[in-house]
Amino acid sequence: MKRRVTFHTGEFAKIVGVNKRTLHYYDEQGIFKPERVEANGYRSYSFRQFYPFYLLRMLRGMGLELSEIKEYMEQRSPERFDQLLAEQQAWLEQEQAKIRRQLRVVANQRRLLKSARTVVCGQVEELELPAARLVLSRNTRRYAAAEDWPMVERIATEHERQVMERQISAGLGVGAMVASRDFLQAGREGIISHFFTIVEGPYRDIGRGYRHFRPAGTYLVTYFQGDYDDTGSAYELLRQYIKTHGCQVGEFSYEESILENMSTSDSRGFITRIAVPKIL
């Protein structure tokens with residue numbers, strides 16, 4: 001008995017997981033033709049066409065337009081196929097990097113939500129915090145001290161835009177740094193020196209003046225609940241702790257959002273962590 005090695009359109013379509021109309025369209029457009037057309041008009045496909053069809057569908061799934069596939073199919077050669085695959089490999093690697101970034105953002109945001117359930121506001125703790133690499137905004141201290149809030153907001157917006165464009169955020173939001181010479185004085189806690197974003201990957205093209213390394217070590221940590229601007233009571237707790245325990249502190253405090261307006265619509269529910277390095 002002669003071995004059957006061809007399939008009519010419906011059979012082939014069922015095996016490769018498309019409908020007959022798709023095969024007819026591909027044939028009409030010159031994208032993927034049957035191995036032969038019978039005298040009665042029936043199209044016949046060979047089992048040897050399965051893999052080329054899967055490859056075509058894979059390229060389509062990777063974002064290649066049908067017009068690009070058609071152009072290639074009309075002038076295909078090993079050299080052009082290698083070039084096509086190289087381009088798709090580069091595209092896939094970019095997509096892979098984007099997915100890794102998105103997964104990192106999701107994981108970090110879920111970690112913050114989990115930590116928000118256990119934090120206790122209104123007290124100071126000494127905690128060991130890991131090192132972190134930060135990308136800074138331009139210095140805002142002069143404008144904040146002069147209460148030039150439009151300029152401060154402009155610098156913050158500029159910082160956020162650059163972080164988004166460079167896709168370097170670890171998904172931990174934008175924080176703020178306050179110099180110790182300011183937060184150690186009551187009423188000067190709102191004089192922000194820099195906005196910052198924590199990054200987990202390389203600095204890439206970030207200028208050295210905008211890089212900041214927050215070292216691992218012991219930090220005085222307090223959490224406060226309420227609007228970002230309502231930090232006075234939290235810093236008062238820190239000042240009392242520093243005075244009572246005779247602590248020496250580092251150059252800046254680091255304010256980071258734990259819960260913010262993405263997770264709650266009521267600013268009274270915002271939770272912010274303030275961490276001040278303790279000099280041993």
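1. In strand 12, Ile279 is the bridge partner of Gln248. Strand 10 (residues 248–249) is joined to strand 12 by two bridges, and the two run antiparallel. Helices (H or I, at least four residues) and strands (E, at least two) are DSSP runs, numbered from the N terminus, and two strands pair if DSSP finds at least two bridges between them.

2. The model is predicted: local features need pLDDT of at least 70, side-chain atom pairs count only at pLDDT 80 or more, and totals for chains, interfaces and linings use all residues. Residues are numbered from 1 along each chain as its sequence is written, and side-chain values use heavy atoms, with hydrogens and water left out.

3. Strand 9 (residues 217–225) is joined to strand 12 by seven bridges in an antiparallel arrangement, and Tyr219 stands opposite Pro277 of strand 12. Strand 11 also pairs with strand 12 in the antiparallel sense, over five bridges; there, Ser257 stands opposite Thr272. Strand 12 is mostly covered, with seven of its nine residues buried (buried means under 20% relative accessible area, exposed over 50%, partly exposed in between; 1.4 Å probe, protein chains only).

4. The search of the whole structure finds 12 aromatic pairs. Rings of Phe, Tyr and Trp (its six-membered ring) pair if their centres lie within 6.5 Å; planes under 30 degrees apart count as stacked, over 60 as edge-to-face and the rest as tilted. Tyr26 and Phe53 form a tilted pair, at 6.1 Å centre to centre and 45° between the planes. Because Tyr26 lies in helix 2 (residues 20–28) and Phe53 in helix 3 (residues 50–61), this pair ties together parts that are 27 residues apart in sequence. Both Tyr26 and Phe53 are buried.

5. Phe196 and Tyr254 form an edge-to-face pair, with 6.1 Å centre to centre and 75° between the planes. Phe196 belongs to strand 7 (residues 192–199) and Tyr254 to strand 11 (residues 252–259), so the pair ties together parts that are 58 residues apart in sequence. Phe196 is buried at a relative accessible area of 1%, and Tyr254 is buried at 4%. The charged end of Arg214 sits over the ring of Tyr254, 5.4 Å from its centre (the criterion is NZ of Lys or CZ of Arg within 6 Å of the ring centre and within 35 degrees of the ring normal).

6. One aromatic cluster is formed by Phe7, Phe12, Tyr25, Tyr26, Phe32, Tyr45, Phe50 and Phe53.

7. The largest pocket has a volume of about 1200 Å³. On a 1 Å grid over the protein atoms alone, a pocket is an open set of points where a 1.4 Å probe fits, with protein on both sides within 12 Å along at least five of seven lines; lining residues have an atom within 4 Å of a point. Of its 43 lining residues, Glu160, Val174, Gly175, Phe195 and Tyr228 are the closest to the centre of the largest pocket. Helix 7 supplies the largest share of the lining, seven residues. The lining divides into 20 nonpolar, 13 polar and 10 charged residues (Ala, Val, Leu, Ile, Met, Phe, Trp, Tyr, Cys and Pro count as nonpolar, Asp, Glu, Lys and Arg as charged, and the others, Gly among them, as polar).

8. Gln89 is found in helix 5 and is partly exposed, with a relative accessible area of 49%.

Notes:
Grid points are joined across faces, edges and corners, and a volume is the space filled by probe spheres set on the points.
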